[in-house]
Amino acid sequence: MPDPVPEFHPSTPSQPIAWPVSTAQLRDSTLNPDDFSPIRGRFTPTGLDLEDPRCATVLELSRSAADLLDERARLIDEIRSSTTTAVTRTTPVGPTVPQTAAVPPATPPAQPTQPTQPTQPTPMSTQPQLTQPQPQPTAEYAAPSPQAFPDPPQPLGLHPFGPQLLGFQPQTPTAFSQSPTNGRTAATVPRRSRASAVQVLLLVLGVGLIGLAVSVFAFLTYPLFGNAARTICIAVTGFIGLAVSAAIGGKTRVTAEGVAWASFFALVTASVLASKLGPIPRLHLRDPVTGLMLLMVAGIAMALHLATAKRTTPTRAYSLAASLLTPMGLAMIGSTGLLGRTGQSLTVITLMTGVLITAYLLPASRLPDAERLLMTLESSFILMVIGLGDFANPNHVRYAAATSLAAYAAPMIIATLMWTRAAGSQATQPMPDPRSPQRVRTTIADANRWILTIITAIMGVGMMGLSMTNDYRPLPPDVPAALFGVAALIVGAMWMRRRPALRSWPALWPGLTTLLAPMLLVSWNERWARDQIVYSTSPYGMTPTSPGHPFPVREILLFVIALAVLIAGALLGWQAPIIAGTATLILHVIVLLWSWIVMFSLAFWWVWLAVGGIILIIVAARYERSLGAARTLVTRISQLR
């Protein structure tokens, strides 16, 4: 007889602790951690203060517990799925039971007992109960009906854990729950064929050698064959390789993958060589011709992908090659010399932005995750090259500021949309199994967001560096950082809105830093340079040598932005904007008044001594009250979100 299951009791009778029914409740930050009801305010219905710093520890412990329970359920499922031989199980209930020998007791009973009636398993039961089987006059084995395995009852009241949380699944008639007769073994579970590491290594080396051979044939055999002959030979070799990979893909997938990649390399080489045929170089159409050839190869790859998609193990090289060649072909088509440098930049930026939007909007059923990652990476990299190239060479492009800003804004807007959409999905979605396809899709989606964010950050830092080193500045150095800061603030505000337990510093510090710090540093630099020009040093102090001052646009704009951040933080009750806005205002005002402070101190330095003495006297007279007010202010600021 199994051991009795211990019962869990709440810590106090007046304020019981509710137990979750699934791991999703443990990870859901929109639910109260004590009774799992929706968050309505600062205090839960049972009186728990959510702004207490210890609540963050409670949430972390809840997520850790959910991860451990999911890992437990995953290990149980893995153990079950790894079984490949027949498993003889004694079913506790059911109208038909296979004839098996009774399990002898560990010690002989003192007196015979009556056979006990089978009982239904409870949700906390993890092992089947062994009871005396009742023989049935059946000629052959019959599988138990679904009614013989009723679903376990749902947890009632303050049950510690539900069936989903414990990884418990109701028993259903499967191939493993049937005991075959006549000593025959059950059907084994088919395993997925995995490629050997040695096989993959040999294929990679083979593809590399084929690519090297194609390159040598393409660039060292020109005196023997000429442009047309060698291009045709390489293209025919590539088409033959694709036909072979499509023919053997249903039997040996890994070999088909290697042959397909070698064939695509040959076709790409032939596309590059085709742009040198005939009058194409004289007409300045090499890039458009190469781009059209690459798009043709991508179309062939997509056709092969659609033709072999219904196989048990489809060849992924077709769809991956199509995703890799499409942005490259579009970029080369847009780089035609007929449009001029400004037209080339605008055309390529428009095409790559279209690729990013397509990769963002298409669902997973239409565009797989790995292909989406390739398209995002390649198109954003091309945008970075175009943006930094136009920004570094403003003399070659008439509207360098517009083209570089467009190339900078396109991936930043897509990244902002991705981070905003992820704020709601990750707040309530449970953590999937690390080996499951859902976890892989989540990881690739995170990679897409981070790729666009990193590309945007690199472009912003590059533009700031170029604007500070070049004589001609298409944009001021703090404009790219300010745009990035605004986007980061939007993302942080959306995450705080959808995650009530998230505080302001983790969510808003990237946006506040990139918005205020570069503008403040540039303002200091310009103020210092202006003071060097406007004022000169004389024996009687600093005297103005240049009449008039330029209109301080940046100083006024920074003052307005810092004041707006401070007011917004005070209205919303967020700690990070209040502190960042206050610090920026104080530093900015000091820098603006520094030249006047220096001039005043040179003539009336003794005034500062009097001001310091007066402040000390006031603090000494109201020491206790001032100390209490300071402590109250610090406490109130620390209690803000």
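Visitor: How do the axes of helix α6 and α7 cross?
Guide: The axes of helix α6 (residues 286-307) and α7 come within 8 Å and cross at roughly 160°. The axes here are lines fitted to C-alpha atoms, for helices over the stretch in contact, with angles running from 0 to 180 degrees between N-to-C directions. Helices are DSSP runs of H or I with at least four residues, numbered from the N terminus.

Visitor: Before we go on, what sort of model is this?
Guide: A predicted one: local features need pLDDT of at least 70, side-chain atom pairs count only at pLDDT 80 or more, and totals for chains, interfaces and linings use all residues. Residues are numbered from 1 along each chain as its sequence is written, and side-chain values use heavy atoms, with hydrogens and water left out.

Visitor: Back to α6 and α7. Are they roughly parallel or antiparallel to each other?
Guide: Roughly antiparallel, a label for angles over 145 degrees.

Visitor: And which residues make up the contact of α6 with α7: nonpolar, polar or charged?
Guide: They divide into 17 nonpolar, six polar and one charged. Nonpolar covers Ala, Val, Leu, Ile, Met, Phe, Trp, Tyr, Cys and Pro, charged covers Asp, Glu, Lys and Arg, and the others, Gly among them, are polar.

Visitor: Where does Ala301 sit?
Guide: In helix α6. Ala301 counts as buried because its relative accessibility is 0% (buried is under 20% relative accessible area, exposed over 50%, partly exposed in between, with a 1.4 Å probe and protein chains only). Ala301 and Ala317 are 16 residues apart in sequence, with 8.3 Å from C-alpha to C-alpha.

Visitor: What about α5 and α6, at what angle do they cross?
Guide: At roughly 155°, with the axes coming within 8 Å. That makes α5 roughly antiparallel to α6.

Visitor: New topic! How many aromatic pairs are there in the whole structure?
Guide: A search finds six. Rings of Phe, Tyr and Trp (its six-membered ring) pair if their centres lie within 6.5 Å, and planes under 30 degrees apart count as stacked, over 60 as edge-to-face and the rest as tilted. One of the pairs is Trp261 with Phe264: the ring centres are 6.4 Å apart and the planes are at 70°, so this pair is edge-to-face.

Visitor: Where are Trp261 and Phe264?
Guide: Both lie in helix α5 (residues 253-274), three residues apart, about one turn of the helix.

Visitor: Is Phe264 buried or exposed?
Guide: Buried, at 4% relative accessibility. Trp261 is partly exposed, with a relative accessible area of 31%.

Visitor: Last one: which helix is Ile248 in?
Guide: Helix α4 (residues 222-248). Ile248 counts as partly exposed, at 26% relative accessibility. Ile248 and Val259 are eleven residues apart in sequence and 9.7 Å apart in space, C-alpha to C-alpha.

Note on methods: Helices (H or I, at least four residues) and strands (E, at least two) are DSSP runs, numbered from the N terminus. Angles under 35 degrees count as roughly parallel, over 145 as roughly antiparallel, 65 to 115 as roughly perpendicular and the rest as oblique.
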